[in-house]
Amino acid sequence: MDSASIRRTFLDFFEKKGHKIVPSAPLVLKNDPTLLFTNSGMVQFKDYFLGNSVPKHKRIADTQKCLRVSGKHNDLEDVGFDTYHHTMFEMLGNWSFGDYFKQEAIAWAWELLTEEYKLPKDRLYVTVFGGDKNDNLPVDEEAKELWKQFVSEDRIIHGIKKDNFWEMGEQGPCGPCSEIHIDLRPEEELRQKPGKELVNSDHPQVVEIWNLVFIQFNRLASGALEPLPDKHVDTGMGFERLCMAIQGKTSNYDTDVFTPLIDFIAKEAGVTYTGSTPGKGSAHEKQDIAIRVMADHIRAVAFTIADGQLPSNTGAGYVIRRILRRAVRYGFSYLNFKEPFLHKLVPILANQLKDVFPELYQQQDYVGRVILEEEVSFLRTLETGLQNLDNWLEKTLYIAKNAPRVMGLGDHEGIPIIHGAKIFNLYDTYGFPKDLTLLILREKGLIQFLKSDWEIEFEKWMAKQKSRSKADATKETGDWILVGDDVKTEFIGYEHLTAEAKIVKYRKVKQKNKESYQLVFDKTPFYAESGGQVGDTGFIETANEKIAITDTKKENELIVHYTDTIPANLSATFFVSVNESKRRQTMNNHSATHLLHAALRQVLGKHVEQKGSLVNDKILRFDFSHFAAMTAEEVEKVETIVNQKIRENIELNEQRNVPLEKAKSMGAMALFGEKYGEFVRVITFDPKFSVELCGGTHVPFTGNIGLFKIVSESSVAAGVRRIEAVTAEGAQQFVNDNLNLLSEVKAVLKNPKDVLASARSLMEEKHALEKKLEALYQQQANVLKDELARKATKSNGHTLIAEKVSVPNAEALKNIAYALRNQFDDLLLVLAADVDGKPQVAVMLGEKLEATKKYHAGNLVKELAKEIEGGGGGQSFFATAGGKKLERLNSVLIKAKELLNY
């Protein structure tokens, strides 16, 4: 059975059992502060478990894209080294929200595995929760008795809390779970040791394939457990592992989930993928690991970009960039991919999964271009890192071999000098894993210079980095404390900016030693940050106090109001009011964003799609797909269209609870990476111009926007452009500021009739004078070079020039040094220079002298720079340094004489 049939069988099975089949949620999370990515199938249903939303369907099944790169299940640096862990994987799951419980979940799991998939019953083991004294929880006898209907008791294993008690996090819904494991070892190994002894022992062929979670408790911040009013079922089955079991493989990577990618990588690299067992020391092991890494990582990277997350230096974007770069460096190091390659895998992956996850297939050109640009950028970084390592090794080894004579140090030759801190620096700055650095050292025959404790030092630096990140992210969140009835918040902010409301619940949050509070009201006019629009701010007040709301955010479906203080009387009725001016200006910018999107599609083409946005009261920022910088004419045309639509004063047509498919038929475009319900809100400004799915706040008429001005157009990533613009008062201020600047420029130019012609004339005159000055400088440099050549003397078998000079700029100093190098191949040049009133030192070695490795310009200049309280460096044959003490240039020459013994 191929992987597509395995997936289809699962979904069909549960559809027949009365489950609603729903699409996968995006990998990237928008309204969950606790997670960067969807890491399990239940994430999109958290609100149902938390009681924030009521499910429309009591039974649901799906296949969910998941991403795990750290924590209990995966460490990114380990992926590729075993046969069954991944970054992105599919989680097949079925859910019951207060409907069926353990009996049906267990019976159906057994039926599907043994009757539909025909997995051998004598290879299956199950675990049940074995109880926990600390939580005062007994053995899950209910699950055990139910399993006895299908398996003998010797195949039922009591699991510890770590393995058999599932928790959403430190707080929240939780409960015992029952895992199903399969033993895939050959018969010979089965006879030697029963599979029961290997369950949950990280054996690559005795693996968990399905986890049935029975959610019946809520974990409080205190650690205590309280029963939930409704019991739920949450199951998750690793799709890749299931395929391995059904297809009779011993590695996930040998299934047809991965073989199309692996075959292509191996062919392009000109190698054979042997599927060698990790850790067995095979000659092909490194190549096989690299192929697995690339085949795994392209899935995570491609689908995350397709879901709207671009690689970047922060947050989720940083994680994706890290995964992508790991794949590139493995291909670079072990498969000899020195040119961008990873992007070539996108069409294979897109075609393979187009029926189940069409979002990648529909965006494969865009995703491929983003990956290509990231590869080009990182390969440049790798090249810079390799050059940095080469220079560092050259300098370090030079010091070790020549320290007694050049630096006055003891003889270090042969002593280990490459330490863990440098290896960590290469990892932290250039993305070099320690294995890559060790590989380079071995290739250069320098492994003997590695300090014996380098790995301990490396791990210390790594631990420091992790602890800093952990400290920055540490946040203590208390339990929600109910004040009134736990009702769902009614949002009235589309129609009203004020209301009378009561607090439903609150909690205390502590982060970086600062305490704040989060409030939930029964009704609120405050818009919670979503869809690029910032959250509202404002006040809540009673007759006795007035408290500022500093932000409003969504936590899944919960509207949470942030405040630094808590009301004295939590049971009071509060007058809540949104900052009207801020909201109005934000609405201007949000509606203008819709007009901008439509205008861009009109001017640039229908390929333009939103890739991100930020809307606040000051500015609007809109990211969109387009593969070239906009011309000035295109920018002007877009701006003109938007302002024309503003002047037409188009009335807002807002439609709520529109069926998603009907909204699409109206022309509304569903954005990739967004999760939509069955019913949506549609915002229309002229049905022939702008129709969008949107939950944000908007102006009633486009005329309210007043004026629209584009401030900048730039690149964000490959195939993604960014426009920043201002509206209304912001646009007026922008225009006024530029007019004032123009007036000032006119005044400086003595108010010419044609400002542009006057400025051009001035620039031409400046360039002409610069050319004359450059020619004069060159004449002076030639004279100085000839004068220095005449002063050259022979010392210790080479041509020595050590002089104090005065030059107009650093370029002149460099030109003189290179000219003298061309004249003397055995040159040893030391110049103590006054460069336009600033001290500088230059050291140049002739080609013949450099080849002897007797001196290193970079190391010499560092020592000489100390005399002028400066620093610098450079190549082995040429280096420069600046400093602070111009009056100590003579000391540089004295030090040079001392070091060089002339």
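The legends below describe close-up views of a predicted model.

**View 1. The largest nonpolar core and the residues with the most contacts inside it.** In this predicted model, the largest nonpolar core comprises 125 residues, and those with the most contacts inside it are Trp 147, Trp 210 and Ile 371. Among the elements that build this core, helix α9, which spans residues 285–306, gives the most, contributing 13 residues. Apart from this core lies another one, of 46 residues, which includes Leu 788, Val 830, Val 843 and Tyr 855. In soluble globular proteins, nonpolar side chains tend to be buried together.

**View 2. The surroundings of Trp 147.** Trp 147, one of the residues with the most contacts inside the largest nonpolar core, touches Ile 106, Trp 110, Val 126, Val 128, Ile 156, Ser 178, Ile 180 and Leu 212, when residues up to four places away in sequence are not counted.

**View 3. The open sheet β23-β24-β25.** Three strands, in the order β23-β24-β25, form an open sheet with antiparallel pairing. Strands β23 (653–659) and β25 (690–693) stand at the edges and have a single partner strand each, so one side of each is left without a neighbour in the sheet. From one strand to the next, the twist averages 25°. Helix α17, made up of residues 580–604, packs on the sheet, where it touches β24 and β25, and its direction makes about 115° with that of β25.

**View 4. The pairing of β23 with β24.** Strand β24, residues 679–685, runs antiparallel to β23, and the two are joined by five bridges. Within this pair of strands, Val 658 stands opposite Val 680, the latter belonging to β24.

**View 5. The hairpin of β21 and β22.** Strand β21 (residues 610–615) and β22 run antiparallel and are joined by five bridges, while the hairpin that connects β21 to β22 passes through four residues. Val 615 has Leu 620, in β22, as its bridge partner.

**View 6. Strand β22 and its pairing with β27.** Strand β22, which covers residues 620–625, is mostly covered, with five of its six residues buried. Strand β27 (residues 720–727) pairs with β22 in the antiparallel sense over six bridges, and Phe 624 stands opposite Arg 721, which lies in β27. Strands of a sheet pair through backbone hydrogen bonds, either parallel or antiparallel.

Note on methods. Residues numbered from 1 in each chain as written. Predicted model: local features only at pLDDT ≥ 70, side-chain atom pairs only at ≥ 80, totals over all residues. Heavy atoms only, no water. Core = buried A, V, L, I, M, F, W, Y, C linked by side-chain atoms within 4.5 Å. Buried < 20%, exposed > 50% of the residue type's maximum accessible area, 1.4 Å probe, protein only. Contact = heavy atoms within 4.5 Å. Pairing = 2+ DSSP bridges. Axes fitted to C-alpha atoms, helices over the stretch in contact; angles between N-to-C directions.
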